[in-house]
Amino acid sequence: MTPRAFYEPPGAISTSPSVVLHLRPGGSCSALVAIKAQPMQTPEEMKARNAAYYQAHKDEKAAYNAAYREAHKDEIAAWREAHKDERAAWQKANPDKCRDIAARRRALKRGATVEPVSRAVVFDRDAGRCHLCGKKVNPKHWHLDHIVPLSQGGEHSYKNVAVSHPRCNDSKGSKIRGQLRLY
Ligand SMILES: [Zn+2]
């Protein structure tokens, strides 16, 4: 019998040989008839594959999520109401995480490529210094600055964010479109 179709799992992630199934004309599977070696994916490759999948399907996913929220809005509102005290307590206890979430949401809204970014990690990495003037910032009041602005296609990612003073960040806005970045 001539096999007329085969199935391979997209992006198999183990080193075990992937199985190639031949389908009978009726559609049922025959016994295993072939094996094929599949290289193991590194965590970076898996991450890249997931990111590519997300980019390719983000509109679909957003539509699905919006439809879900619409269909379940009463339950969602009831759940939020029932848990509002816990929520407020968590927000009070985790102000930096709240800012991380808000920054990520803003970046997503702008259609930026987004990775989870923690302000606490950026603060430590930059040793609490403003990348624009080099001076220390107030640990409780600083801006997570996008080096290439989201509005100009910058990513919300560790390599494109840095600690800044609110004032330095605000004054950058007008300069960046002018001459500041020419030198
Ligand atoms: Zn500064």
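The model is predicted; local features need pLDDT of at least 70, side-chain atom pairs count only at pLDDT 80 or more, and totals for chains, interfaces and linings use all residues. Residues are numbered from 1 along each chain as its sequence is written.

**Confidence.** pLDDT is the predictor's confidence in each residue, from 0 to 100. The mean pLDDT of the protein chain is 81. In the chain, 73% of residues reach 70 or more. Over residues 1–5 pLDDT stays under 50, and the model has four contacts for them beyond four places in sequence. Residues 12–18 are also below 50 in pLDDT, with 14 contacts in the model beyond near neighbours in sequence. Here a contact means that two C-beta atoms, placed from the backbone, lie within 7 Å. Where pLDDT is low, predicted coordinates should not be read in detail.

**Fold.** The protein chain has six helices and five strands. Both are DSSP runs numbered from the N terminus: helices are H or I of at least four residues, strands are E of at least two. From the N terminus the order is β-β-β-α-α-α-α-α-β-β-α. Of the 183 residues, 8% count as buried. Buried means 20 or more other C-beta atoms within 10 Å of a residue's own, exposed 12 or fewer, and partly exposed in between, with C-beta atoms placed from the backbone. Among contacts between residues at least 6 apart in sequence, 44% join residues at least 24 apart.

**Helices.** Two helices can be set against their expected span, which is 1.5 Å times one less than the number of residues.

| Helix | Residues | Length | Span between end C-alpha atoms | Expected span |
|---|---|---|---|---|
| Helix 4 | 95–109 | 15 residues | 21 Å | 21 Å |

Helix 1 bends by about 65 degrees at His57. That bend is the angle between axes fitted to the seven residues ending there and the seven starting there. Helix 1 lies largely in the open, because the number of its residues that are buried is zero. Just after helix 4, Gly111 takes a positive phi of about 75 degrees.

The largest nonpolar core has five residues: Cys130, Leu132, Val137, Trp142 and Val163. Such a core is a set of buried Ala, Val, Leu, Ile, Met, Phe, Trp, Tyr and Cys residues joined through C-beta atoms within 7 Å. Leaving aside neighbours within four places in sequence, Trp142 contacts Val137, Val163, Ser164, His165 and Pro166.

Ala127 lies in the loop between helix 5 (119–125) and strand 4 (143–146). Ala127 is not a glycine, yet has a positive phi of about 55 degrees. Most residues other than glycine have a negative phi. Ala127 counts as exposed because it has 8 C-beta neighbours inside 10 Å.
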